[in-house]
Amino acid sequence: MLGDNELTELVLDSQEILDKAETILIQLENNLSESKVDPDKVNSLFRYFHTLKGNAGFFNLNVIVALAHSAESLLEIVRNDNSLLDQKMIQLFIEARDTLYEIFSGLGTHKTDTPFKEKADALIPKLFYIKETLKQEIAEPKKEVASFGIFKKKIILSAPTEEPKAEAESKEPTPVSTTITPDKKSPAPQDVTSIPNGGQTVKKDIRIETEKLDYLLDMIGELVIAESLVTQNPDIQDLDLPNFSTQSAYLRKVVRNLQEVSLQLRMITLDGLFNKMERLVRDLSQKTGKKVILNTTGKDTEIDRNALEILTDPMVHIIRNCMDHGLETKQERIEKNKPETASIKIEAIHSGNEVWIIVTDDGRGLNREKIINKAISKGLLKEGEGDDLKDEKVWNFILQPGFSTSDKITDISGRGVGLDIVHRNIVKINGDVEIKTQKDKGMSIILKLPLTIAIIEGMVVKYNKVHYIIPTIDVKETLNLAESKINYIDQDKQVIRFRDQLIPVVSTEHLLNSAYDSKDLTNENSSYLIIVEHKQNSLAIVFDEIIGNQSVVIKPIPDYLHGTKGFSGCTILGSGNIGMILDIRYSINNYFKDNKDSETIYG
């Protein structure tokens, strides 16, 4: 029986190996059309299956041993002659990889691989049959050139007949046997990592439980707050303490360096996510019969670990929608004079304090008229309202729950659920979704994600003796209220003209509660207007005082404020006061949603 710690280590190590194996298999498959097989990749693949077999053998996981051994045996032949590798063989290796992944994932529940024996036994004969056929082909003298591929007779993978199976079994013991002796000298993956050129390098990283890492980062966040509480304590602000100032400056520097290092601990690359999308595109391409080339750039871009976990589902839904509805069928593309093979591009780039992940296809794009008609039928628009609606407003309807313009529902998409999840998950981490499309040219979905979701750069402001934090990325301009001319366009609507644009002026109360009714937005202490912007919509918010910009450690909203709209979190300031972090994007969307007429006026 496996111990919990041993089991966890085995599963995690094995899943990492299988993820690498999947990436290599996709790469080998993509290169088959160019008749290029990288021998280093084949060798790496062989080592991965060999390592899995060896590790499983230590724990008497005989089903895993038998399946990994079968794949390894076939790969041993292929690595001696790379030209033998073909599409059907790669498909079998992928099935073996997927089955092994399922078995390892199930070990946490079953503690043994026995429940998966039937599934493994169904796959092993296929691997065994190809291996024996190849051995027979190689052993026989080459009297004539094969009529296709390297085989002289057709190999049936899906359902090997009884006859060849019996023949094969008569030559050596059945491969289904679970008594294969593992190579106990197999290198443990946690100690060394194989590299493509055949060498080995000692791993320099260690695995840490995410709970411990989160606790460490939380404590560093507390340290940042504690440093501010001490060095900015109101009791010493007016005192002349030169030595204290020098020492506190050094402390601040050390804490900031520690904070930067801690943020790096949260960052991981997008490499694993992009690899999963390559596999998804490959599988959906086979399922839909659509030829697709996937290009990825920016795999090395780093993103907050928690944001990456939330990003996986949206990316899957985007790709599924793209493959099922976005890309035309082969015949449709020919009729539109498009290349028969469609293309999808996934790229990741840095833009300010955000990471943008852009998914672009060259498919049919969105149909504006169809979306407007659907919005009218669902009661989201009235007849005639869609005529003058901006394109970006129309495209955003497809992010609504249950909104789908697809004529049919498939097992891939069409229920109007996928893009709803995309929008919901991205907004959850203070990100944003933008859609650009052109009919019959294609579509781009841009996911804008914060670089980190633990700390933000914020502007600390004060209104009616309450501290607020505005994310710096949302601030467009700060204006002196006394120098700004506020006009009325209605009895209760005040605006300022800023760079040829009329911008509504709102108080913080109105920002947080649209039902709040106050004709006088300012008080005797009001001194500033801060213009915030989101998706080309702007608001000018009245504040009494701008305290300054600083890094803000985001804390969850207290329970008694749970469910309150307009805040994305809170923090403890150096003065000891609690500052509420304003959710500017929600507030702007909410304001213009409640003021549709105003949106037309303000442009």
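This is a predicted model: local features need pLDDT of at least 70, side-chain atom pairs count only at pLDDT 80 or more; totals for chains, interfaces and linings use all residues.
Me: What makes β4 and β8 the edges of the open sheet?
Reply: The five strands are ordered β4-β6-β7-β9-β8, with mixed pairing. β4 (292-297) and β8 (432-438) each have a single partner strand, so one side of each lacks a neighbour in the sheet. From one strand to the next the twist averages 15°.

Me: Why do β4 and β6 count as paired?
Reply: Pairing requires at least two bridges between two strands. Within β6, Lys345 is the bridge partner of Asn295.

Me: Which helices pack on the sheet, and which strands does each touch?
Reply: Helix α9 (residues 271-288) touches β4 and β6, and its direction makes about 175° with that of β4. Helix α10 (residues 305-326) touches β4, β6, β7 (354-361) and β9 (442-450). The direction of α10 makes about 20° with that of β7.

Me: Why is the contact of Arg266 with Asp304 called a salt bridge?
Reply: The cut-off is 4 Å between a side-chain nitrogen of Lys or Arg and a carboxyl oxygen of Asp or Glu. For Arg266 and Asp304 the N to O distance is 2.8 Å, so the pair qualifies. Arg266 lies in helix α8 (residues 242-266) and Asp304 in strand β5 (residues 302-304), so the pair ties together parts that are 38 residues apart in sequence. Both Arg266 and Asp304 are buried, which means under 20% relative accessible area.

Me: How do you know that Arg333 and Asp362 form a salt bridge?
Reply: Their closest N and O atoms are 2.8 Å apart, and the rule asks for a distance within 4 Å. Arg333 belongs to helix α11 (residues 330-335) and Asp362 to the loop between β7 and α12 (368-377), so parts 29 residues apart in sequence are tied together. Arg333 and Asp362 are buried.

Me: What does the salt bridge between Glu354 and Arg585 tie together?
Reply: The N to O distance between their side chains is 3.1 Å. Glu354 is in strand β7 and Arg585 in helix α16 (residues 584-594), so the parts tied together are 231 residues apart in sequence. Glu354 is buried, as is Arg585.

Me: How many salt bridges does the rule give, and which residues are linked in a network?
Reply: The count comes to 34 salt bridges. A network of them links Asp19, Glu22, Glu29, Arg97, Asp98, Arg279, Arg282 and Asp283.

Conventions
Residues are numbered from 1 along each chain as its sequence is written. Side-chain values use heavy atoms; hydrogens and water are left out. Helices (H or I, at least four residues) and strands (E, at least two) are DSSP runs, numbered from the N terminus. Axes are lines fitted to C-alpha atoms, for helices over the stretch in contact, and angles run from 0 to 180 degrees between N-to-C directions. Contact means heavy atoms within 4.5 Å. Buried means under 20% relative accessible area, exposed over 50%, partly exposed in between (1.4 Å probe, protein chains only).
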